[in-house]
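The topics are taken one at a time.

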Amino acid sequence: MSRIGVFICHCGINIAATVDVERVAEEAGRMPGVAFATHYKYMCSDPGQSLIRQAIAEHGLDGVVVVACSPAMHERTFRQAVAAAGLNPYRCEMANIREQCSWVHQHEREEATAKAVDIVRTMVEKVKRDEELVPLRLPIVRRAMVVGGGIAGMEAALNIADAGYPVVLVEREDRLGGKMARLSSTYLNFEAAPGLLEEKIRQVLEHSNIQVLFNARVTKLEGYVGNFAVTVEMSEGPRTEEVGAVVVATGWDPYPLERLPEYGGGQIPDVVDGLTFEEMLRTGLQRPSDGRVPQEVVFVQCAGSRDPEHGVSYCSKVCCMYVAKQAMMYKERVPGGQAYVFYIDIRSGGKGYDEFVQRAMEEYDVLYLRGKVSKIFRRGDRVVVWGSDTLVGRPLELEADLVVLATAMLPSREALALAQTLHIQADQYGFYSEAHPKLRPVESLTAGVFLAGVGQGPKDIPETVAQAAAAAAKVIQLFAQDAMVQEPTVAYVIEDLCSACGACVAVCPYGAREIHPVRPIATVNPALCQTCGACVVACPNKASRIHNWEPVQVLAMADVVI
Amino acid sequence: MRTTISVAKLRSQFVRDVEEISGEDLLACNQCGKCSAGCPVAAAMDMLPSQVIRMAQLGMTEVLQSRTIWICASCLTCVARCPKGVDLPRLMEALREISLRSGASEIDLDRLPPDLVRELPQLAIVGGFRKYIK
């Protein structure tokens, strides 16, 4: 006879206001195999957990049902708690009477209580038949791949390599540096970007732990965290790299000028984008049409950004700052010149950032005009800008020699295809999705694939460097483990029943099932299995099973409530 | 009518005069609007105090037609609160100065109603000479 403990949580009033927890405890106490049942205000709190541990010792419990919230919320908490009391953690289950009961039946107290009792009944039957399982330990390949050789990729690679792990850095072009290599200087101190970058590039190329593959593209990713096989396409043919983790740092592309026809984008030679102006700042300030040094320059912020009609509703985040920098650099080069900036809002959040913009206004006499530009056209050899100043409430006209459009940052044009290749998610724009917007900002939803730089969302160089270092720390954290620990509640095959028909292989969405290369059976790669149960349903012989979700358990659970 | 913005206007004699007479750096104002928000007589003005300095920044001489520069009582509330330390009443004074120098007096003393003159404190009349008369 089992000795199961049932612990009912009030979750404050989340459960107790709807479900009669005392009655659930009474009913649970009478269920066959239950040796102890009680209820408590917050079972997940320290006193709640110690209540469970004490009960295990006092009543000699051999299984625990925590009747509370979703297992997604606290299964790990309670399994750790029972393990501390010497019980196998897989002999502890959650009966969810919050999300699936009290929250959805707030006006039906009687029925909700009856339903809660039934839910408990099923989980008691399940725990009675739960096996004592041991977490799986999988080997780790302690070598990382970084995709993208811009500042994000190089920073991640250097951090991982410095920790002593080999890195293979995949770059699609024949040089390192990415977009930063096209910048003249960086805000806030006008430090020359090429100088900063050259040092990084040298470190990467000379690092004994870093191997750089130029003109290379990732075309396939197989395997799982700790054991990936990545196919890289190169001019000399494909090659396969065995790595344990991947950092994706594929950066960005500028919004095409041609998509801004009302600003003369692609039509008027003296209307250029920010990256082109960076180049002009490096190579000599001559405007494209006739090589003259521009005496009046208009900068247009939010060119494409914050503009859902142009397909980009987000703020590109770096433009306010680099426009201020460009306007100041322009004034340094052309002291008699005048710079104008049209803006909707000035977003200069960051240490020293707003002071920098204020300096542009006060010390460099950059004239900021509040309003989005509506139209840009040619008049003779000059460029006319129609905007407004909403502060005085007047429409404006400005004749300039050069217009610089601070165009939106788009994810790299290859990002969406790469996201599919790497089995990671991307948002509607093609920026890679982080696992959690607040607490897991450098992880993708695919274990072992990490994100760095603008590929994940617009950000400037210091933010990129910080994110790249964080992604590297995640990789190092993974590599520092002895082995990958994985939940043992995955699929397995009863070989005597298996006829190797392949139904499970066809139905598995995670590629975890294969027919054995020699023997006539199907196999499970437990590292890839996500416990979805598709193979269990598909198997005509009931050979595919999931640990602790055995047919005998499911039938027993159904029996007590039907 | 579209207002033209140009180097010539931004660096015009008008802007230089306003800066010289007021002693203020016009571009120090970042148009936060706090002066307009706290001005006790803003409701009587045809243009907000922050718009007056904005037009001066842009070299828009039509600011001289605004009633605001005459209504401003130089109470200094805005100066006390300006986050950038701009002395807006000095700017208003500069604009009145420029207006008076180039045009007629704002007030014709002979046309003041005698009853009003009798009732006004002497200090107000002396102050009025200074503020409104050429």
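Helices are DSSP runs of H or I with at least four residues, and they are numbered from the N terminus. The model is predicted. By that numbering, helix α6 of chain A covers residues 151-162, and the residue A:G164 that follows α6(A) has a positive phi, near 100 degrees. The largest pocket holds about 1,900 Å³ of space, and the structure also has four cavities of 30 Å³ or more.

**Helix α6 of chain A**

- Helix α6(A) has twelve residues and spans 16 Å from its first C-alpha to its last, close to the 16 Å expected at 1.5 Å a residue.
- Ten of the twelve residues of α6(A) are buried, which leaves the helix mostly covered.
- The buried residues of α6(A) are A:I151, A:A152, A:G153, A:M154, A:E155, A:A156, A:A157, A:L158, A:I160 and A:A161.
- The packing partners of these buried residues in chain A include the strands β6 (144-147), β7 (167-170), β10 (210-213) and β14 (245-248).

**Largest pocket**

- A total of 47 residues line the largest pocket, and those nearest its centre are A:R76, A:A447, A:Q486, A:E487 and A:Q530.
- Elements of chain A that give two or more residues to this lining are α3 (71-84), β11 (217-224), β25, α12 and β26 (484-486).
- Helix α3(A) gives the most to the lining of the largest pocket, with ten residues.
- The lining of the largest pocket is made up of 24 nonpolar, 15 polar and eight charged residues.

- The largest cavity contains about 140 Å³ of space.
- Its lining has 15 residues, and B:C29, B:C35, B:C82, B:V86 and B:L88 are the closest to the centre of the largest cavity.
- In chain B, α3 (34-38) and α4 (49-57) are the elements that give two or more residues to the lining of the largest cavity.
- Nine nonpolar, four polar and two charged residues make up the lining of the largest cavity.
- The second largest cavity contains about 100 Å³ of space.
- Among the 15 residues that line the second largest cavity, A:C498, A:C501, A:C504, A:C539 and A:S544 lie nearest its centre.
- The lining of the second largest cavity has ten nonpolar residues, four polar and one charged.

**Loop residue A:E443**

- A:E443 sits in the chain A loop between α11 (415-421) and β25 (449-451).
- A:E443 counts as buried because its relative accessibility is 14%, and buried means under 20%.
- The side chains of A:E443 and A:R440 make a polar contact at 3.2 Å.
- Not counting residues up to four places away in sequence, A:E443 touches A:S433, A:E434, A:A435, A:V449, A:F450, A:L451 and A:K474.

**Loop residue A:L497**

- A:L497 is in the loop of chain A between β27 (491-493) and α13 (503-507).
- With a relative accessible area of 37%, A:L497 is partly exposed.
- A:L497 and A:P540 are 43 residues apart in sequence, and their C-alpha atoms are 9.7 Å apart in space.
- Apart from neighbours within four places in sequence, A:L497 is in contact with A:N541, A:K542, A:A543 and A:R545.

Conventions:
Residues are numbered from 1 along each chain as its sequence is written. Chains are lettered from A and ligands numbered from 1 in the order in which they are written. This is a predicted model: local features need pLDDT of at least 70, side-chain atom pairs count only at pLDDT 80 or more; totals for chains, interfaces and linings use all residues. Side-chain values use heavy atoms; hydrogens and water are left out. The expected span of a helix is 1.5 Å times one less than its number of residues. Buried means under 20% relative accessible area, exposed over 50%, partly exposed in between (1.4 Å probe, protein chains only). Contact means heavy atoms within 4.5 Å. On a 1 Å grid over the protein atoms alone, a cavity is a set of points where a 1.4 Å probe fits but cannot get out, and a pocket is an open set with protein on both sides within 12 Å along at least five of seven lines; lining residues have an atom within 4 Å of a point. Grid points are joined across faces, edges and corners, and a volume is the space filled by probe spheres set on the points. Ala, Val, Leu, Ile, Met, Phe, Trp, Tyr, Cys and Pro count as nonpolar, Asp, Glu, Lys and Arg as charged, and the others, Gly among them, as polar. A polar contact is a pair of N or O atoms within 3.5 Å; within protein, one must be able to donate a hydrogen and the other to accept it, and residues adjacent in sequence count only if both atoms are side-chain atoms.
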